[in-house]
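Here are my notes on this model. Keep the structure open while you read, and check each point against it.

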Amino acid sequence: MSDYKNTRRTETEVTFDGVDITQSIKPYLLSITYTDNEEGETDDLQIKIQDREGDWLQSWLDQVIAAAAGAGLKFSAAFTQKNWGNDSTLPTGDFELDSVSANGPPSAVTIKGTSLSFSAPIRQTKKSKAWESYNLSGIASEIAGANGLGCMFESASDPFYERVEQRKTSDSAFLAKLCKDAGISLKATDSQLVLFDQSKYEAQPPVMTIKRGKKGGYISYSLSVGSADQQYRSCRVSYTDPGSGKCIEGTYSDDSEKTGQCLEISAKVASAGEATTLAEKRLRLHNKLTRMVKFTFPGTPALVAGVTIQLEDWGGWDGKYIVKQAVHDVSSTDGYTTEIAARRCLEGY
């Protein structure tokens, strides 16, 4: 007879509104899926439970909805690998209840949470405000604080605005536009806003090297090359001051062998140096979707959005990649798996 305590396995923990409900939900649990995105999209957490007796749909679920109608119900999960030689835990952070759905037969209920609720004021309330003498970090910090969120600013570049207007726009849409114009990425996760330079994340050492055909590594893979439109070798940012008529401009070129065409951007800048810095960031954003890969692995907690991986023996896809999305799924049928989508790190920037 095998000793369960010593078997290799993955254990899950579920917490609702600060209360550990792992044991009570365990007999009904079908799957837990945690989706971690690097930028642009909110993270989400889905818990699916079987409901043959209708207990969850009729009684417990009503209590959840009633609680969520108040301050907003928060829940979280954690995946812990046991007896893998190097045991590790992946906590999901807190998620706010976003939707509840039921389907069948067989009857099942799915509870979905999001890192930034669609109904949250930061996404729904339209505001008009003039921001004067602010850095981007200051605007982000003030918006986060006003919406009960923390703020993490991880960018060496911090644009200064003498005056920028928010006109009948939600805080999230306004901040997203400022970040896009500045070439800075924005992410909402675990009750905080994170603003960061992708180049900083790309510079981190790989957490894993994936060799083609390596036994015991990946379960499946998909490789592709794609781009929405033309790839550019350089970018020029220019701005004409309406008062003085002076033209401020800056150009950045990479060292790759692209077409040689120049991406033209018109944006308000205060100096040639600021224009050159912005040109580099906008060129990165435009050219970033070149080589993309997808892999499915046995459960791997180390693979989260923003980490880098190295590919070897994959021909034209060899190189360093940054994980754009990681989906961790623990189910009663397939166990623990991790699926990632990654793009090749940009070289020459």
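1. Start with strand 5, residues 74-82. This strand is mostly covered, with seven of its nine residues buried. Keep in mind that the model is predicted.

2. Which strand is joined to strand 5 by eight bridges? That is strand 1, residues 9-16, and the two run antiparallel.

3. Find Lys-74 here: Glu-96 of strand 7 stands opposite.

4. Strand 6 covers residues 89-91 and is joined to strand 5 by three bridges. This pair is antiparallel too. Thr-80 has Thr-89 in strand 6 as its bridge partner.

5. Now turn to the largest pocket. Its volume is about 820 Å³. The lining has 33 residues, and the closest to the centre are Phe-160, Tyr-161, Lys-268, Val-269 and Glu-274.

6. Where does the lining come from? Strand 11 (160-170), helix 5 (171-182) and helix 7 (272-287) each give at least two residues. Strand 11 has the largest share, nine residues. By class, the lining of the largest pocket holds 14 nonpolar, 13 charged and six polar residues.

7. Last, check the confidence. The chain has an average pLDDT of 85, and 88% of the residues score at least 70. Helix 2 (residues 55-68) is lowest, with a mean of 63. Strand 20 (residues 308-312) is highest, at 96.

How values were computed
Residues numbered from 1 in each chain as written. Predicted model: local features only at pLDDT ≥ 70, side-chain atom pairs only at ≥ 80, totals over all residues. Heavy atoms only, no water. 1 Å grid on protein atoms, 1.4 Å probe; cavity = no way out; pocket = protein on both sides within 12 Å on 5 of 7 lines; lining within 4 Å. Points joined across faces, edges and corners; volume = space filled by probe spheres on them. Helix = DSSP H or I, 4+ residues; strand = E, 2+ residues; numbered from the N terminus. Nonpolar A, V, L, I, M, F, W, Y, C, P; charged D, E, K, R; others polar. pLDDT = per-residue confidence, 0-100. Buried < 20%, exposed > 50% of the residue type's maximum accessible area, 1.4 Å probe, protein only. Pairing = 2+ DSSP bridges.
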